[in-house]
Each structure stands twice: as C-alpha cells, then as structure tokens.
Amino acid sequence: MIRVAICDDHQIVRAGFKQIFSSSDDFEVVAEAGTGREALDIARREICDVLLLDIAMPDQSGIDTLRTIRQGQPDLPVLILSGYPAQQYALNLFKMGANGYLNKECDADELITAVRTVYQGRRYVSSTVGELLAQSFDRDPNTAPHTELSDREFQVFLRLARGATVSDIGVALSLSIKTVSTYRTRIMEKMGMQSNSDLTYYAMKNNLLD
C-alpha cells in the first residue's frame with residue numbers, strides 16, 4: 001500500500017486526486033494539506049510514502065516548502081503539482097530535489113504512474129520535462145535564463161521579482177544581507193538584468209508570479 005499525502009490549496013483538486021487514487025487498490029490517501037505549513041507538518045510526521053505538493057500554496061510557496069522538506073526529510077519522495085507549463089518551473093524544482101513534476105491537467109493514468117515511479121525511488125520525468133532536460137544539456141541558446149539559476153538563486157530571484165527588499169529576503173531565508181546581495185549580483189549576471197524592475201518584468205512576462 002502506497003500512502004499518499006495531497007497538498008493543494010483547492011479542496012476540489014484534492015477531492016479529484018482522492019477519487020483517482022480510490023480506483024486503485026494499492027493507494028491510500030493518509031493526509032491532506034491546504035497550506036505550505038500544513039504540508040511541512042505532514043512531512044515531519046513521516047506518515048506518507050509520497051507527498052504531492054502544489055507550487056502555489058498560501059502562507060508559504062511550494063518552492064519554499066520543498067526546500068524546507070529537503071533539509072529535514074531528504075528521502076521523502078515529493079511529486080510537484082502545477083498549473084504552470086513545465087518550462088516555467090520544472091528544471092529549477094528538479095535542482096531543488098523534486099522527484100517529479102506534473103501539470104494538473106495530466107490524465108489519471110499519468111498521475112498513478114508518476115506516484116508509483118517516485119515511490120520506487122526513481123524520478124518521474126514526463127516527455128515534456130525530458131525535452132527540457134535535453135535542451136539544458138545541449139545548452140540551447142533559447143533556454144530561459146531563469147532555468148540557469150541554482151535553487152537558492154531561484155528563491156531569491158522570485159522574492160526580488162515580487163518586490164521584497166534584500167533585508168526582507170534575508171529574514172525570510174535566514175541569510176545575511178551580504179549573502180542575499182551576493183545572490184542578487186549573481187542573478188543579475190546570469191540573467192543579463194540591470195535592476196529589480198527588470199526581474200519583475202521578466203517574471204511577469206514568463207508567468208512566474210502567483
């Protein structure tokens with residue numbers, strides 16, 4: 001029996017996934033969460049074998065939640081759910097330790113296959129994500145600049161794009177102002193940007209802001 005936790009802020013989405021899992025005898029939904037903090041609590045209690053985690057969670061994003069889970073429960077399989085196209089987040093989330101990435105529009109069979117795959121200790125890579133990974137290996141010049149950021153740089157980038165100050169980011173991520181400033185400099189260099197407003201425009205244009 002594979003014990004599954006579903007973490008999504010929409011009750012109707014959780015209900016839909018529960019219905020899918022109820023059709024198979026080898027799945028049991030053992031917990032649900034509607035916020036990032038609730039998802040962290042589930043992970044810390046170690047009550048599930050696979051945790052499904054939405055990116056857009058209230059109070060704490062799925063991105064920040066994933067990073068915290070990886071610090072405390074590095075071996076827990078986490079399958080990311082998203083309403084965003086794979087090219088916007090998938091590569092960065094794999095760098096941060098996600099075991100798989102699924103668009104919420106996937107069919108039931110793919111969801112079941114993905115959960116079974118990560119439960120077995122493997123990564124689930126859809127054909128779309130596989131193409132993105134191949135492009136990253138080839139260093140395609142058309143690759144989106146944000147996919148070249150490290151996991152921590154990506155976290156800082158998103159907060160800067162939302163208008164957070166260096167001090168705010170330092171407090172939120174438990175980093176010194178100097179360290180955050182260093183990350184900001186690296187982000188600007190890697191993405192070829194000059195200002196925070198450039199980052200905000202880029203994030204909005206690429207639908208990276210919730």
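Modeller: Helix 9 and helix 10 cross in a left-handed sense (the near helix is turned anticlockwise from the far one by less than a right angle; clockwise would be right-handed). The model is a predicted one, in which local features need pLDDT of at least 70 and side-chain atom pairs need pLDDT 80 or more, while totals for chains, interfaces and linings use all residues. Residue numbers run from 1 along each chain as its sequence is written, and side-chain values rest on heavy atoms, without hydrogens or water.

Helix 9 covers residues 177–191 and helix 10 covers residues 196–205 (helices are DSSP runs of H or I, at least four residues, numbered from the N terminus). Their axes lie 11 Å apart, and the packing angle is about 60° (axes are lines fitted to C-alpha atoms over the stretch in contact, and angles between N-to-C directions run from 0 to 180 degrees). Helix 9 and helix 10 are therefore oblique to each other (under 35 degrees is roughly parallel, over 145 roughly antiparallel, 65 to 115 roughly perpendicular, the rest oblique). On the helix 9 side, Arg-184, Ile-187, Met-188 and Met-191 make the contact (heavy atoms within 4.5 Å). Helix 10 contributes Asn-196, Leu-199 and Tyr-202. By class, this contact has five nonpolar residues, one polar and one charged (Ala, Val, Leu, Ile, Met, Phe, Trp, Tyr, Cys and Pro are nonpolar; Asp, Glu, Lys and Arg are charged; the others, Gly among them, are polar).

The next pair is helix 2, residues 36–45, with helix 3, residues 62–72. Here the axes come within 10 Å and the crossing angle is roughly 20°, so helix 2 and helix 3 run roughly parallel to each other. Helix 2 passes helix 3 in a right-handed crossing. From helix 2, the contact takes in Gly-36, Ala-39, Leu-40, Ala-43 and Arg-44. Facing them on helix 3 are Thr-65, Thr-68 and Ile-69. The residues of this contact of helix 2 with helix 3 comprise four nonpolar, three polar and one charged.

The last pair is helix 1, residues 11–22, with helix 5, residues 108–119. The axes of helix 1 and helix 5 come within 10 Å and cross at roughly 75°, and the two helices are therefore roughly perpendicular to each other. Phe-17, Ile-20 and Phe-21 of helix 1 touch helix 5 at Ala-108, Leu-111, Ile-112 and Val-115. This contact of helix 1 with helix 5 has seven nonpolar residues, no polar ones and no charged ones.
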